[in-house]
Amino acid sequence: MELDPVTGTMVLAAAAMHATWNAVVKRAADPLVMQARIVGISALCALPFAIALPFPGLATWGWIAAGTIVHGLYFTILVEAYRVGDFSHVYPIARGSGPLLVA
């Protein structure tokens with residue numbers, strides 16, 4: 001499958017941003033606080049879209065809650081892994097675990 005240049009650029013930018021925020025969390029004096037800041041900033045960036053798009057239906061709120069809980073656990077485990085492990089080991093495992101668990 002071939003990507004058009006815009007999509008390819010967006011994919012590379014997303015990968016670079018993801019690696020960057022993970023590196024920032026790893027190097028932070030308090031990784032949990034830094035992770036919370038990053039999630040908060042991401043939520044603020046998403047807020048205009050949340051306001052502009054239709055409100056989710058009742059059937060989706062269970063999935064939204066489950067996704068929120070899973071991401072909270074993921075971020076907590078990731079922060080703890082960065083506290084004890086090297087970035088070059090933790091980051092690839094964390095990136096690869098999501099698709100592996102979904103599959």
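Helices (H or I, at least four residues) and strands (E, at least two) are DSSP runs, numbered from the N terminus. On that basis, the pattern along the sequence reads α-α-α-α, and the chain holds four helices and zero strands. The model is predicted, so local features need pLDDT of at least 70 and side-chain atom pairs count only at pLDDT 80 or more, while totals for chains, interfaces and linings use all residues. Residues are numbered from 1 along each chain as its sequence is written, and side-chain values use heavy atoms, with hydrogens and water left out.

**The chain as a whole**

- Along the principal axes, the C-alpha atoms of the chain fill a box of roughly 40 × 35 × 30 Å.
- The chain has 103 residues, of which 17% are buried (under 20% relative accessible area; exposed is over 50% and partly exposed in between, with a 1.4 Å probe and protein chains only).
- Of the contacts (heavy atoms within 4.5 Å) with a separation of 6 or more, 60% are between residues 24 or more positions apart.

**The pairing of H1 and H3**

- Two packed helices are described by the angle between their axes and the distance between the axes.
- For H1 and H3, the angle is about 60° and the axes are 9 Å apart; axes are lines fitted to C-alpha atoms, for helices over the stretch in contact, and angles run from 0 to 180 degrees between N-to-C directions.
- H1 and H3 are therefore oblique to each other, the class left after angles under 35 degrees (roughly parallel), over 145 (roughly antiparallel) and 65 to 115 (roughly perpendicular).
- From H1, the contact draws on Trp21, Asn22, Val25 and Lys26, and from H3 on Phe75, Leu78, Val79 and Tyr82.

**Asn22**

- Asn22 belongs to helix H1, which covers residues 5–27.
- Asn22 counts as buried because its relative accessibility is 0%.
- The side chains of Asn22 and Tyr82 are joined by a polar contact of 2.7 Å (a pair of N or O atoms within 3.5 Å; within protein, one must be able to donate a hydrogen and the other to accept it, and residues adjacent in sequence count only if both atoms are side-chain atoms).
- Leaving aside residues up to four places away in sequence, Asn22 touches Leu78, Tyr82, Phe87 and Tyr91.

**Gly72**

- Gly72 is part of helix H3, residues 61–84.
- With 32% relative accessibility, Gly72 counts as partly exposed.
- From C-alpha to C-alpha, Gly72 and Ala50 are 20 Å apart in space, and they are 22 residues apart in sequence.
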